[in-house]
Amino acid sequence: MKDPKAPIGVFDSGVGGLTVLKALRRLLPHEEFLYFGDTARVPYGGKPLAMVRRFAWEIAGFLLRQGVKAIVVACNTASSAALPDLAEDLSVPVFGVVEPAARAARGFRKVGLIGTQATVESGAYPRYVDLAWAKACPLLVPLVEEGLWDDPVALLVARHYLEDAPKDLEALILGCTHYPFLKGAIGAVLPGVALLDSAELTAQEVARALEAEGLLNPEGRGRTLHFVTGDPEAYRALAERLGERAEAVRRVSLEEL
């Protein structure tokens, strides 16, 4: 029997998954969370899918050893590489971020996708929704990781990647959990286009599933413990710029995974 009081594990290549964590905490204020940012190996997007798959399995195994009751893969690249295998083989419920965004996109006639090289080339989204246009945007994750989402360079880079998007595009899937931090720049280049990010949609799916399985924590205090593979102080500073006060941060060596 799984323990409803056990924490929920959430992982990403870096800080992008904090958008998903924030949505989860808003819907599930009594849950305890373990957030894992693989900051020593970020970004994932330019790496081979087989390598990202190995990273995902390593992190999922680590989180299982911490006693989590569910795992949220808050990374489009890792979701594209490792799901549905993780969901089929692990002993706890596993949720990705691809399907929720793809389902939302079905309500639009002409849909585009931006993501990492690995996510776009994986073909994960076309399994669930017809795409009129897709573009890999490898510089966007480093922009966010460097804290430059409000810098003029973000607008220049967004314009570079989006200049060939169809003029009649109705919706754009933000196929990376880092990209919501760049909504201002992306929206300025594509005014009137609906920007679809999976954070809230994924959180809703997790909440429904945990309730159905009787795994909601009725009395937790909503605490979050952060694990990183890189420098904890650098992570803490960037997380704070993103609105996340990461008071409890523990460094995990790659040998521990």
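Let's start with Thr 19 and what it touches. Setting aside residues up to four places away in sequence, Thr 19 touches Thr 177, Pro 180, Phe 181 and Ala 199. Keep in mind that this is a predicted model. Where does Thr 19 sit? It belongs to helix α1. Is Thr 19 buried or exposed? Its relative accessibility is 12%, and the cut-off for buried is under 20%, so Thr 19 counts as buried. The side chain of Thr 19 reaches the backbone oxygen of Thr 177, at 3.2 Å.

Now the helix around Thr 19. Helix α1 covers residues 18-27. Which of its residues are buried? They are Leu 18, Thr 19, Val 20, Leu 21, Ala 23 and Leu 24. As a general point, an α-helix has 3.6 residues a turn, so residues three or four places apart point the same way. Have that in mind when you turn the helix on screen.

What covers those buried residues of α1? The cover includes three strands from the list, β1 at 8-12, β2, and β3 at 70-73. It also includes α10, β9 at 224-228 and α11 at 232-241. We'll visit two of those helices, α10 and α11.

Ala 23 is in helix α1. Its relative accessible area is 1%, so Ala 23 is buried. Which residues does Ala 23 contact, leaving aside neighbours within four places in sequence? They are Ala 199, Glu 200 and Ala 203. Look at Ala 203 for a moment. Ala 23 and Ala 203 are 180 residues apart in sequence. In space, their C-alpha atoms are 5.9 Å apart.

On to helix α10 itself. This helix runs over residues 199-212, and Thr 202 is in it. With a relative accessibility of 1%, Thr 202 counts as buried. Its side chain has a polar atom 2.8 Å from the backbone oxygen of Ser 198. Then come the contacts beyond four places in sequence. Thr 202 meets Val 20, Val 72, Gly 96, Val 97 and Pro 100. Val 20 is one of the buried residues of α1.

Next, helix α11. Our residue there is Ala 239. Its relative accessibility is 0%, so Ala 239 counts as buried. Not counting residues up to four places away, Ala 239 touches Leu 18, Glu 244 and Ala 246. Leu 18 is another of the buried residues of α1. How far is Ala 239 from Val 15? Along the chain, 224 residues. Between C-alpha atoms, 6.7 Å.

For contrast, here is Arg 127. It lies in the loop between α6, residues 117-122, and β6, residues 133-136. Buried or exposed? At 51% relative accessibility, against a cut-off of over 50%, Arg 127 counts as exposed. Arg 127 and Arg 109 are 18 residues apart in sequence. Their C-alpha atoms are 16 Å apart in space.

Two peptide bonds deserve a look. Val 42 and Pro 43 are joined by a cis peptide bond, with omega about -5°. Pro 43 is in the loop between β2, at 33-37, and α2, at 49-65. Another cis peptide bond joins Leu 83 and Pro 84, with omega about 10°. Pro 84 is in the loop between α3, at 76-82, and α4, at 85-89.

Now zoom out to the whole chain. How many helices and strands does it have? The count is 11 helices and 10 strands. The radius of gyration is 17 Å, close to the 18 Å that the globule rule gives for 257 residues, so the chain is as compact as a globular protein of that length. Along the principal axes, the C-alpha atoms fill a box of roughly 50 × 40 × 35 Å.

How much of the chain is buried? Of the 257 residues, 54%. Residues 24 or more positions apart account for 72% of them.

Last, the surface and the charges. The accessible surface is about 11,000 Å², and 52% of it belongs to carbon and sulfur atoms. There are 28 positive and 33 negative side chains. The centres of the two sets lie 1 Å apart.

Conventions: Residues numbered from 1 in each chain as written. Predicted model: local features only at pLDDT ≥ 70, side-chain atom pairs only at ≥ 80, totals over all residues. Heavy atoms only, no water. Helix = DSSP H or I, 4+ residues; strand = E, 2+ residues; numbered from the N terminus. Rg over C-alpha atoms; globule rule 2.2 N^0.38 Å. Buried < 20%, exposed > 50% of the residue type's maximum accessible area, 1.4 Å probe, protein only. Contact = heavy atoms within 4.5 Å. Areas by Shrake-Rupley, 256 points an atom, 1.4 Å probe, with all protein chains shown as cover. Lys, Arg positive; Asp, Glu negative; His and termini not counted. Charge placed at Lys NZ, Arg CZ, Asp CG, Glu CD. Polar contact = N/O pair within 3.5 Å; in protein donor to acceptor, adjacent residues only side chain to side chain.
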